[in-house]
Amino acid sequence: MAAMSADKLKLFRIRRAPKGGRKAAAPGPDVEEKILDAAEFVFGHFGFRGATTALIAKKASIAKPHIYYYFEDKEDLYRAVLERAMNMWARDMDNLDMTSDIQTILIGYIHKKIDFSRDHPHLSRIYANEIISGAQFIGSFIEKVSTPLLLDKVATLEQWAASGSIRAISAVDLFFCIWAMTQAYADFSSQMIIMKGKRQLEDADFDSAKATIVQLVLGGLGLEKSDKPTNRLPPSGPRQSRAPKAR
């Protein structure tokens with residue numbers, strides 16, 4: 001399955017087409033991005049029901065009417081925030097180079113997912129709440145964009161397992177586990193902060209999370225973390241011997 005290009009990702013929208021077209025942009029630099037950043041924070045804290053455009057305008061330090069230059073209503077703004085999150089994740093998955101060595105691919109992906117939880121915790125929480133609520137706004141995106149991208153990567157992992165380069169595993173469940181472990185550092189950060197006796201998670205906490213999750217994933221696949229590229233995707237042909245098990 002061919003990877004999806006960035007241009008194709010842009011074609012799939014979560015926002016609805018506006019009636020009569022979008023209005024002319026309000027004056028001021030990067031107003032739309034300021035609104036989206038503020039909405040990300042407010043929706044992340046209060047959810048869709050608890051958020052208001054008044055709160056979002058206050059957070060963005062703009063007049064409330066400016067929101068309606070860019071967005072039809074609160075739902076349109078919510079859809080735009082979800083679109084921002086889903087496209088970021090889809091591009092990360094689309095850009096995952098499965099021709100490199102296995103360790104480099106998995107380590108890089110885990111690190112990127114933890115970085116997202118650190119840098120965009122509100123987006124992660126908005127996504128989690130949307131899924132828990134039944135994925136009303138993002139179900140079609142998951143079906144038409146996220147799932148084909150995932151299955152493309154799953155097929156490569158299955159090739160690795162078939163060649164003996166990694167232990168046999170349910171590749172799709174491996175990705176589910178990586179997502180669950182990495183996104184927990186955004187979605188459940190309040191629990192971690194309380195239990196660690198901190199005011200907030202620090203860089204050291206995210207670095208520790210990266211190291212721990214990498215160790216768990218590579219160990220489960222029978223791989224050893226190494227500075228040297230190993231276990232590249234094998235060429236088609238006879239099965240290769242299984243890589244040494246992690247000690």
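1. The lining of the largest pocket in this predicted model comprises 25 residues, with Trp89, Lys113, Tyr127, Trp179 and Gln183 nearest the centre. The volume of this pocket is about 590 Å³.

2. Five helices each give at least two residues to the lining of the largest pocket: H5 (74-94), H6 (102-119), H7 (121-132), H8 (139-163) and H9 (171-187). By class, that lining has 17 nonpolar, 4 polar and 4 charged residues.

3. The second largest pocket has a volume of about 260 Å³. Its lining includes Phe43, Arg49, Glu75, Tyr78, Asn129 and Phe137. Helices H2 (31-50), H5 and H7 each supply at least two lining residues, and H2 gives the largest share, 4 residues.

4. Asp152 counts as buried because its relative accessibility, 13%, is under 20%. Lys153, at 3%, is also buried.

5. Within helix H6, Arg118 and Asp115 stand 3 residues apart, about one turn of the helix. Their side chains form a salt bridge at 3.2 Å, N to O. Arg118 is partly exposed at 31% relative accessible area, and Asp115 is partly exposed at 22%.

6. Lys198 and Glu202 form a salt bridge through their side chains at 3.4 Å, N to O. Lys198 is partly exposed at 27% relative accessibility, and Glu202 is partly exposed at 41%. Elsewhere, salt bridges with shared partners link Glu33, Asp37, Glu40 and Arg84 into one network.

Methods: Residues are numbered from 1 along each chain as its sequence is written. This is a predicted model: local features need pLDDT of at least 70, side-chain atom pairs count only at pLDDT 80 or more; totals for chains, interfaces and linings use all residues. Side-chain values use heavy atoms; hydrogens and water are left out. On a 1 Å grid over the protein atoms alone, a cavity is a set of points where a 1.4 Å probe fits but cannot get out, and a pocket is an open set with protein on both sides within 12 Å along at least five of seven lines; lining residues have an atom within 4 Å of a point. Grid points are joined across faces, edges and corners, and a volume is the space filled by probe spheres set on the points. Ala, Val, Leu, Ile, Met, Phe, Trp, Tyr, Cys and Pro count as nonpolar, Asp, Glu, Lys and Arg as charged, and the others, Gly among them, as polar. A salt bridge is a side-chain nitrogen of Lys or Arg within 4 Å of a carboxyl oxygen of Asp or Glu. Buried means under 20% relative accessible area, exposed over 50%, partly exposed in between (1.4 Å probe, protein chains only).
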